[in-house]
Amino acid sequence: MEPASLENLCVLYQSTNYIVVNKHWDIRIDSKMWYEKQTVQSQLKHRFPELADPGTYYGFRFCHQLDFSTSGALCVALNKAAAGQAYRCFKDRRVTKAYLALVRGTVTEENLSLDFAIGKNTTEGKTHMMCTEGTEGCENPKPCQTEVTVLEYGTYDGDPVTKVLLQPLTGRTHQLRVHCSAIGHPIVGDYTYSLRTDNSPYRMMLHAYFLHIPLHNEPIHVTAPDPFVPSLDAKWAPQRCVNILEDLLKNILTNPQAEMQEEAEPEPRTSSPVESEEQRAQCQQWLCEWSLE
């Protein structure tokens, strides 16, 4: 993908209820800062001004979150009812996601299950970071799990790296980045979790590759093209293939993430479509917890 601009929004899926875009790296979903004009929100308003909802703060209802530095599939609801349906899928953990990443070093095990609990880092100078349970300053760690599968071994700009598929089975802030760093294989270009040493690549190599939202009337099934291929980045030189991405994707579809989760309690029915302040607060808390990267 070329760097983001107002004009080059890439749409992967569109209907009367939803749009799924391929978010650029190093771009925020939305922003309250007047000077930050390059956001997914501004791209959507530029491309689809007639779809913006003046009744919402940002004009569009983002169904989930992607970190500033992460690219890939991002779903946007175009009305309140559609947003509510997607919200229930995420809340009940029936959504399946898979990410692609280049990580530093050689990951020797082809399959890993990472279950480090993650909490906020309260250490001075690191309060914007997350950390694993047991490390200094780790506050309120919560359980989380990530499945890691090796795809390819190779080099990036001459240094050994491994291309992996990451499946978050829970959603915590910066989960994938923290888990990769915790096993000694930080994501290429992740300045924050490489202790501010990995600053030479043009981006952080983390990409939301696959998104499946099992909506009753409109199941969304989208892949965002793999950006980590030599034809797009000549510094990435794969040397040995271990697993075929397409085969792994088929396996994910036959063994969806929802089966690995505890079954959520059904929501009580309500006769009123009006969202209460309590529901809105719960939704915001949920969105924060599902900022996976």
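## Confidence in the predicted model

The mean pLDDT of this protein is 87, and 86% of its residues reach 70 or more; the structure is a predicted model, and the confidence values belong at the start of any reading of it. Over residues 258-275 the pLDDT is below 50, although this stretch has 17 contacts in the model beyond near neighbours in sequence. Residues 288-293 also have a pLDDT below 50, and for this stretch the model shows 36 contacts beyond near neighbours in sequence. Where pLDDT is low, the predicted coordinates should not be read in detail.

## A sheet of three strands

Three strands form an open sheet in the order S8-S7-S9, and their pairing is antiparallel. The edge strands are S8 and S9, the latter covering residues 138-142, and each of these pairs on one side only. From one strand to the next, the twist averages 35°. Strands of a sheet pair through backbone hydrogen bonds, either parallel or antiparallel.

Between S7 and S9, which run antiparallel, there are three bridges, and Lys120 stands opposite Glu139 in S9. Helix H3 packs on the sheet, where it touches S7 and S8, and its direction makes about 45° with that of S8.

How many of the eight residues of helix H3 are buried? Six of them are, so this helix, which spans residues 175-182, is largely enclosed by the rest of the structure. The buried residues in H3 are Gln175, Leu176, Arg177, Val178, His179 and Cys180. Just after H3, Gly184 takes a positive phi of about 85°.

## Met129 in its loop

Met129 lies in the loop between strand S7, residues 118-121, and strand S8, residues 130-132. Is this residue, Met129, buried or exposed? Its relative accessibility is 9%, and because buried means under 20%, Met129 counts as buried.

If neighbours within four places in sequence are left aside, Met129 is in contact with Lys120, Asn121, Thr192 and Tyr193. Met129 and His174 are 45 residues apart in sequence, while their C-alpha atoms are 8.1 Å apart in space.

Ala83 has its place in helix H2, which covers residues 80-91. Not counting residues up to four places away in sequence, Ala83 touches Arg61 and Ala77. Ala83 and Arg61 are 22 residues apart in sequence, and the distance between them in space is 6.7 Å from C-alpha to C-alpha.

Arg61 also forms a salt bridge with Asp53, in which the closest N and O atoms are 2.9 Å apart. Asp53, for its part, counts as partly exposed because its relative accessibility is 22%.

## Other salt bridges

The count of salt bridges in the model comes to eight. In one of them, the side chains of Arg94 and Asp92 meet with an N to O distance of 3.9 Å. The two partners can be described separately: Arg94 counts as partly exposed at 33% relative accessibility, whereas Asp92 is buried, with a relative accessible area of 17%.

Asp198 forms a salt bridge with Arg104, the closest N and O atoms being 2.9 Å apart. This pair links distant parts of the chain, since Asp198 is in the loop between H3 and strand S12 (206-213), Arg104 is in strand S5 (residues 96-104), and the two are 94 residues apart. Asp198 and Arg104 are both buried. Elsewhere, Asp67, Arg177 and Asp190 are linked in a network of salt bridges, and Arg177 is among the buried residues of H3.

A disulfide is a covalent bond between the sulfur atoms of two cysteines. In this model the count of disulfides comes to zero. Cys75 is in no disulfide, and the nearest cysteine sulfur, which belongs to Cys63, is 3.8 Å away. Cys75 is buried, with a relative accessible area of 0%.

Terms used. Residues are numbered from 1 along each chain as its sequence is written. This is a predicted model: local features need pLDDT of at least 70, side-chain atom pairs count only at pLDDT 80 or more; totals for chains, interfaces and linings use all residues. Side-chain values use heavy atoms; hydrogens and water are left out. Helices (H or I, at least four residues) and strands (E, at least two) are DSSP runs, numbered from the N terminus. Buried means under 20% relative accessible area, exposed over 50%, partly exposed in between (1.4 Å probe, protein chains only). Contact means heavy atoms within 4.5 Å. A salt bridge is a side-chain nitrogen of Lys or Arg within 4 Å of a carboxyl oxygen of Asp or Glu. Two strands pair if DSSP finds at least two bridges between them. Axes are lines fitted to C-alpha atoms, for helices over the stretch in contact, and angles run from 0 to 180 degrees between N-to-C directions. A disulfide is a pair of cysteine sulfur atoms within 2.5 Å. pLDDT is the predictor's confidence in each residue, from 0 to 100.
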